[in-house]
Amino acid sequence: MRDAAPITRLVRAAAAQDALQGIGSILRTITEELNGWGALIWMAAPGSDVPAGAGRIFVLAYWVLDSTIRVWHELPFKSMTGFVMRSGKAEAIDIDDERIAKPMPQMIIDSKSRHFCLAPMRMEDGSPAVLEMYRVEDKPFTGDDVELLEQMAAVLPALYASLTDRVGFHLVDQVSQISREADRGKISSEKALQEIVDRVNDVFRPLEVSLFL
């Protein structure tokens with residue numbers, strides 16, 4: 001039986017987050033456990049026909065070691081990510097795999113990543129997704145690495161949903177408090193509206209916004 005410590009560390013990292021940017025800490029934990037360079041969560045865009053391979057795939061969240069490198073936000077289904085999403089089978093591949101999207105994503109070129117490990121997921125709302133790991137050093141992912149990424153991918157959707165629920169409930173509480181202060185005349189309606197807008201912006205600013213939106 002595999003060591004449960006990596007999964008335990010992942011769950012603890014997720015439980016410690018109270019803001020949406022905390023998904024970065026969760027993905028960093030996964031990256032470190034697999035000795036990678038970065039991790040991405042890809043998800044099928046609304047309206048995509050996954051079995052037919054029609055539509056697009058976008059980056060829901062990511063963490064990379066080098067924050068100066070631009071993350072590729074969108075892929076076609078004719079890509080390794082799309083292949084794994086459709087097949088439902090985790091894989092480890094290298095830079096020479098012919099299924100890597102063409103033209104090659106700029107992130108792969110800039111980071112000089114050589115090896116990749118991908119595991120399919122199903123998000124809490126039922127959306128198909130893929131957890132992808134990048135490795136820059138010339139050290140292929142092993143079968144054990146694939147198995148560990150699969151295990152992490154099995155728990156990640158619930159951890160992500162829990163994080164967004166906690167953040168959402170906290171935001172609702174903040175907005176309700178501002179509304180009560182306005183109702184009691186403690187602040188003006190104009191100030192209340194501005195504070196609500198500010199709170200919403202603070203919460204959702206860290207989210208990746210896909211090109212398809």
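## A helix across the sheet

Helix α5 lies across β1, β2, β4, β5 and β6. Its direction runs at about 40 degrees to that of β5. The model is a predicted one.

α5 covers residues 143–183, which makes 41 residues. From its first C-alpha to its last it reaches 60 Å. That is close to the 60 Å expected at 1.5 Å a residue. Where does α5 have a kink? The kink lies at V155, shortly before the proline P157. It amounts to about 35 degrees. Just after α5 comes G185, with a positive phi of about 80 degrees.

## The sheet

The sheet is open and has six strands. Their order is β3-β2-β1-β6-β5-β4, and the pairing is antiparallel. Which strands form the edges? They are β3 (74–76) and β4, and each of them pairs on one side only. From one strand to the next, the twist averages 30 degrees.

α2 also packs on this sheet. It touches β1, β2 and β6. The direction of α2 makes about 80 degrees with that of β2.

## Strand β1

Is β1 enclosed or open to the outside? Seven of its seven residues are buried, so the strand is largely enclosed by the rest of the structure. In a regular strand, side chains alternate between the two faces of the sheet. In β1, G38, L40, W42 and A44 point one way. A39, I41 and M43 point the other way. Residues on both sides are buried.

β1 has two partners described here. With β2 (residues 56–64) it pairs in the antiparallel sense over seven bridges. In that pairing, G38 stands opposite V64 of β2.

## The β4 edge

β4 is one of the edge strands.

β4 pairs with β5 in the antiparallel sense, over four bridges. Within this pairing, A92 stands opposite C117 of β5.

On the α2 side, the contact is made by G22, I23, I26, L27, I30 and E33. On the α5 side, it is made by L148, L149, M152, L156, Y160 and L163.

## Helix α3

α3 spans residues 80–87. Which of its residues are buried? They are M80, T81, G82, V84 and M85. What covers them includes strands β1, β2, β3, β4, β5 and β6. Just after α3, G88 takes a positive phi of about 70 degrees.

## Backbone exceptions

Most residues other than glycine have a negative phi, and most peptide bonds are trans. Several places in this model depart from that pattern.

N35 is not a glycine, yet it has a positive phi of about 55 degrees. K112 is another residue other than glycine with a positive phi, near 60 degrees. Its place is the loop between α4 and β5 (115–122). Is K112 buried or exposed? Its relative accessible area is 62%, so K112 is exposed.

A cis peptide bond joins K102 and P103. Its omega is about -5 degrees. P103 belongs to the loop between β4 (91–94) and α4 (106–111).

Definitions and conventions: Residues are numbered from 1 along each chain as its sequence is written. Side-chain values use heavy atoms; hydrogens and water are left out. Helices (H or I, at least four residues) and strands (E, at least two) are DSSP runs, numbered from the N terminus. Buried means under 20% relative accessible area, exposed over 50%, partly exposed in between (1.4 Å probe, protein chains only). The expected span of a helix is 1.5 Å times one less than its number of residues. The bend at a residue is the angle between axes fitted to the seven residues ending there and the seven starting there. Two strands pair if DSSP finds at least two bridges between them. Contact means heavy atoms within 4.5 Å. Axes are lines fitted to C-alpha atoms, for helices over the stretch in contact, and angles run from 0 to 180 degrees between N-to-C directions.
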